[in-house]
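Below is a short tour, stop by stop, with something to select at each one.

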Amino acid sequence: MQQSITIQETRSKNQVLLERIVRKERRVGRPEHLTTENVIEAVRAYATTSETELSERLNVSRQTIYRKMKLIPNETIIQIFKELGESDLKPYQMSYEGFLTIPEVEQFKKALERRQVCPRHRNERLRTLWHLCVYLKRHPRTLSIEECADFLPTLWRERIAGLALYHVKKVMRSWFQNVYGINGEILTSKGIDGSLTYEIGKRSHDRLTQKQRQAFIETLEATVEKDSLFNAWLSLPFFLYYTATRINATLNARIENIEKHEHYWIITVVDKGRHKNGRKTWRKFIIGELKERLERNLASRGNPESGFLFPFHHKKVLALFRPIYEKAGIPTPKQLCHIWRHTSAQEFLEATDWNYELCAQTLGWEGSGILRQCYGSMSETAKERALKKAMGMRIKETKKKFKF
């Protein structure tokens, strides 16, 4: 039979929690000896010199702890608590698993569950709160609105792992509102607002030009094997461009969810959104050359009536797209697949004279506001043209087409 003593300690340099497991095996005869070092590490891990608590933690008798404590120099205990005094968190609470056992954090988690926050967003908030408390060396109970507000300018100036500014503001608001019932207006007045930040929309101008798109599809055609999935590969970039669907939702799109009409199709996909489950159903229109490409895709596969429209794994798509950009002479985008969604938004807006509402409804954004902030920053040329037109100046009308 085995009994485990879990001892945790931190490296002050980067606040990375290390966990060491000391196993005591009960064999026939005398049990393995508990060392003084084990007790020292337990004092550090649990921030206590209580013989009763340490005996329960280490699963040994109180008398054993008493004898070991007598052997530990008082200077060692003083140094341990001096180090611990720099943080409100006990060492074992600095691990994510230990952090979740804090009563206030458990209360926060339950509040998020009651509000039906989806599991992904719920875990995101809990982890952000953990990173925040570890970085500030604060127990969540001791976090104050003033301290949190004063910390935000630091995130504007520098990047800190695990602490993206937008997510930190969001978790701060959620924490104080759900655990302490603080009014949102009070938090906003302190700068802890829910507004989008520089991280949202920082790539709004990223796009592939029409020349680059043509080079990409030509290189793709010359690279992939000419088998039954050849046309599926060729139709994939067209689908990403004409529907602005994210890559995960695209690869999950199913053939049986296509409504076929004489001159157009409609496919139902499940993509990101602000729905309580983090996903939303979108209906995307398929017309023109996209419809032709998808017809070839299905015909080359025997016109199946069900299954994935694009039977590829995400990693395989990324592994193919990356060298295609290089071979086509295109600077490799930061977002290999998402660049097509950015491109779609920019091209559609220019073709419709920046009709944000039409773009949102057609390509799949929940509102023109988020579209404008995240992807559709108006071009300088469009601003100049609009200003000249408003001033009564003659401008040369150029018709932009939404075309691959």
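The stops that follow cover a helix, a hairpin and the nonpolar cores of this predicted model.

**Stop 1: a helix.** Select residues 51-58, which make up helix α2. Which of its residues are buried? Show the side chains of E51, L54, S55 and L58, for these are the buried ones. They sit on the same side of α2, because they cover an arc of only 100° around the axis. An α-helix has 3.6 residues a turn, so residues three or four places apart point the same way. Now step just past α2 to N59, where phi is positive, at about 60°.

Stop 2: Next, select residues 258-260 (β3) together with residues 265-272 (β4). These strands are antiparallel and pair over 3 bridges. Between β3 and β4 are 4 residues, and the two strands form a hairpin.

Stop 3: The top contributor is α12, with 10 residues. Of the core's 43 residues, select L309, V317, F321, Y325 and W340, which touch the most other members.

Zoom in on Y325. Leaving aside residues up to four places away in sequence, Y325 touches L208, F216, I330, T332, P333, L336, I339 and W340.

**Stop 4: another core.** Finally, select W130, V134, V168 and I192, which are among the 34 residues of another core, lying apart from the one at Stop 3.

Notes
Residues are numbered from 1 along each chain as its sequence is written. This is a predicted model: local features need pLDDT of at least 70, side-chain atom pairs count only at pLDDT 80 or more; totals for chains, interfaces and linings use all residues. Side-chain values use heavy atoms; hydrogens and water are left out. Two strands pair if DSSP finds at least two bridges between them. A nonpolar core is a set of buried Ala, Val, Leu, Ile, Met, Phe, Trp, Tyr and Cys residues joined through side-chain atoms within 4.5 Å. Buried means under 20% relative accessible area, exposed over 50%, partly exposed in between (1.4 Å probe, protein chains only). Contact means heavy atoms within 4.5 Å. The arc is that of the directions from the helix axis to the C-beta atoms.
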